[in-house]
Amino acid sequence: MQTSQPAAIWTMDATAAMETFQSNESGLSNEQANIRRKQYGYNSVSGKNRSSNLLLLLGQLKAPVTLLLLGAAVLSALLGDRTDTYIIFTIVAISSLLGFWQEKGAADAVEQLSKLVQVSCRALRDGHTNDIAAADIVPGDIILLSAGAMIPADCLLLSSSTLFADEATFTGESFPVEKTAGKLPAGTPLNKRTNCLYMGCHIVSGTGKALVTATGAATEFGHISDALRSRIPETEFEKGITRFGYLLMRITFLLVFIIFALNVYLHKPVLDSFLFSLALAVGLTPQLLPVIVSVNLASGARRMAAKKVIVKRLSCIPNFGSMTVLCSDKTGTLTEGTATLKDTVDVSGLHSEKVKRLAWLNASLQQGFRNPIDTALCALNQEHESSSTLLAEIPYDFIRKRLSVQTNSEGSCLLITKGAFDSVLAVCTQVEQSDGRLAAIGECEQQIKKMYEQQTALGYRVLGIAWKNVEPAPIIAADEKEMVFAGFITLFDPPKKGVKETIAQLKALGVSLKVITGDSEAAALTLMKTTGIANPVLLTGNDIRNMNSAALAHQAARTDVFAAIEPNQKEQIILALKKSGEVTGFMGDGINDAPALHAADIGISVNTAVEVARDAADIILLESDLGVLGSGVKEGRYTFANTMKYIFMATSANFGNMFSMAGASVFLSFLPLLPKQILLTNLLTDLPEMTIAGDRVDPDIINRPQHWDLRFIKKFMVVFGLLSSLFDYCTFALLLFALKANQAQFQTGWFTESVISAALIVLVMRTRFSFFKSRPSLPLQLTTLLTCIVVLCLPWLPFAGLLGFEPLPLRIYGWLLLIVFGYIIAAEITKKIFYHLAMPVGQSEKRLFSK
């Protein structure tokens, strides 16, 4: 038996294929199936791709900031500074475990979700027909197919009867394809292999029997899934963190080299100088950044889970905050996803009870696959027609595009045909007028077509219906001729309740909705108008085919609705929007949506989506509702804003301290702070910032898209770092000239001023507004107060000498607090000027780097 699918299975006949897979007409035995399942594994494309727990844990250590911290810890260990080593390793371990726990929890949740939507199929086992879970299907199984059945694996067709398969979600074909058994040439392309069926597609009509030739990752579906999974792009947030990490590494290495060289040049002890430089490196690094990011993302994921949203990739949450465009299909997302009867009208456009009766008879009596249109028509509940019986039926197919039933109703034998307007009109020679008179089709053909165009222009789906009297003898497709055109059946897919308000909410948040649909231009435009978009700009699939990538990128950003779109054009649209500078989200649920889901900055799917779409998505909604996305956007901005607060405050404060220490080390005969004092400074100033994840966020940040801006971070770091250094040098002057401080007093005084000012400045720098207009959260206020108390008490504690501290005269504390107060006032004034110059009111937000 083959261990994988033969290279050209479509070139085999049924006998050769059976021999190759050691199967027979009775199917496999349960024992054979169990043996093959152990060999091939379960029929799933996702199980083998999930990373092991160890790899998931190690993946948390790849960020540049984390690598820098680990490097500093190793150097500290080599130099005998175990305290520093333990502190850094503990922080990295906590951060990594938090990230690992959340990522694993999200993966487990998605795995459990997948189990809730398992698909089964009919297969022959031990000669009997059984319902088998799709995951349990193995190569060599014989499966039975009928209308509506999902194809659970790649198969070779053994026999068929008018079998049509919908491969639109896989190959992009707009119409179902007829499938027949037989051999094909070896060079036949995939979309022309009419004797093969592919995993993920489904049967539209007819029946058939097929041999399973490949399962799981070995299927064509699995190949697509593997290719997509191997190229998951970084989110904008991940790119920002990475670039920020590399920026810190460059600044750190430069400062360490310069300071170490200066201290050696000034004949200070080499080992002490190196330890001092190492401490500066650690001091400049925001150790808590990985923790802050993990806590922020984990908190956001929990809040979103409470709103029936599963976050698969934690790093995608801030992308909600950056999103400027959301692309979505209309069916089932903006609309209810159901066919609803609008009216039954005659050729003059007037309501017709006869057309209604004919439509109900055709839909309720037919015995084939009942589609949503038939279900809507059956709901008409024509109770007085219960005596009508079906005599014969000509099933719907995608060549005729009609369905006909023969019935004896009210003492007469009728042939009733409904289907696509052109197909029904083509078999008619007469027209029934509003008054019941019959006229030749030639006299009214233009009137009929005009009425059809009027109905479709209103956005309705329009079917034609016709009838004629026939003899009770059995009918065939050739009898569909010389019929009487009765009128039209109009249907629509109603908008979801509240969708207009949801779109308005997204727009208020700076997110524009773009609809991508395969429906007609008229249906798409009608929907957009009913949802509050008065003059939507439309682009069709045919327009896109005639555009190059540059033209599409230019036009896509200006377009509200993409209509009559082919499945393979979705990714093209997403890439064009990204090329135009938009941060793009995409919501999809089909196999052909997977490439677009991966290409988008944020991929969104629903729990009822096909497996490959769920795998490709970053976020899975338990309900197909755009309303929850508004909350997601706010959550993303909340997470992003609090993460950026830490980055702004930590980098500017640390940069200022390092700049001050670098300058002080040049003119002082001793180190301005001992290495252990630098680490203690860093630890204490980080305490208030640990509560940033739960801090309040200004409304103006929530109400507009947020983006990484590395240049803005650099400016912020330099301006407020130098401002911090200015007041540090004021402290130096006070200690050296007023106090005539020795080494321990100098280090104690500057440590006190540095930590208190860094703790209090958090309350100022966390917002663009004044402290009184934007109050910090209670935990942030309490930890700030606690930090200040600890710093003031530390020099008076018994172990203060071990840390190199000693008490200062009380009057010096008064001067130090005055310097801190002056720093706070200066920071408030500088902040107002800085934001006014850097981000003028009304300035448009722009995406600062592409994904």
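Start at G41, which follows helix α2 and has a positive phi, near 85°. Keep in mind that this is a predicted model.

Now step back and select α2 itself, residues 30–40. Color A33, R36 and R37: these are its buried residues. Look down the axis of α2. The buried residues fall within an arc of 110°, so they line one face of the helix. What do they pack against? Show β1, residues 120–125, and you have the partner of that buried side.

Follow β1 into the loop that joins it to β2 (128–133) and select D126. Its phi is near 55°, positive in a residue other than glycine. Most residues other than glycine have a negative phi. D126 is partly exposed, with a relative accessible area of 42%.

Next, go to the loop between β16 (461–469) and β17 (483–492) and pick E482. Here too phi is positive, about 50°, although E482 is not a glycine. Is E482 buried or exposed? E482 is exposed, at 54% relative accessible area.

Last stop: select helices α27 (743–765) and α29 (810–838). Their axes come within 10 Å and cross at roughly 30°. The crossing is right-handed. On α27, show the contact residues, among them I756, L760 and V764. On α29, the contact residues include L816, V820 and Y823. Color the contact by residue type: 13 residues are nonpolar, three polar and three charged. E753 of α27 and K831 of α29 are also part of this contact.

Note on methods
Residues are numbered from 1 along each chain as its sequence is written. This is a predicted model: local features need pLDDT of at least 70, side-chain atom pairs count only at pLDDT 80 or more; totals for chains, interfaces and linings use all residues. Side-chain values use heavy atoms; hydrogens and water are left out. Axes are lines fitted to C-alpha atoms, for helices over the stretch in contact, and angles run from 0 to 180 degrees between N-to-C directions. Helices (H or I, at least four residues) and strands (E, at least two) are DSSP runs, numbered from the N terminus. A crossing is left-handed if the near helix is turned anticlockwise from the far one by less than a right angle, and right-handed if clockwise. Contact means heavy atoms within 4.5 Å. Ala, Val, Leu, Ile, Met, Phe, Trp, Tyr, Cys and Pro count as nonpolar, Asp, Glu, Lys and Arg as charged, and the others, Gly among them, as polar. Buried means under 20% relative accessible area, exposed over 50%, partly exposed in between (1.4 Å probe, protein chains only). The arc is that of the directions from the helix axis to the C-beta atoms.
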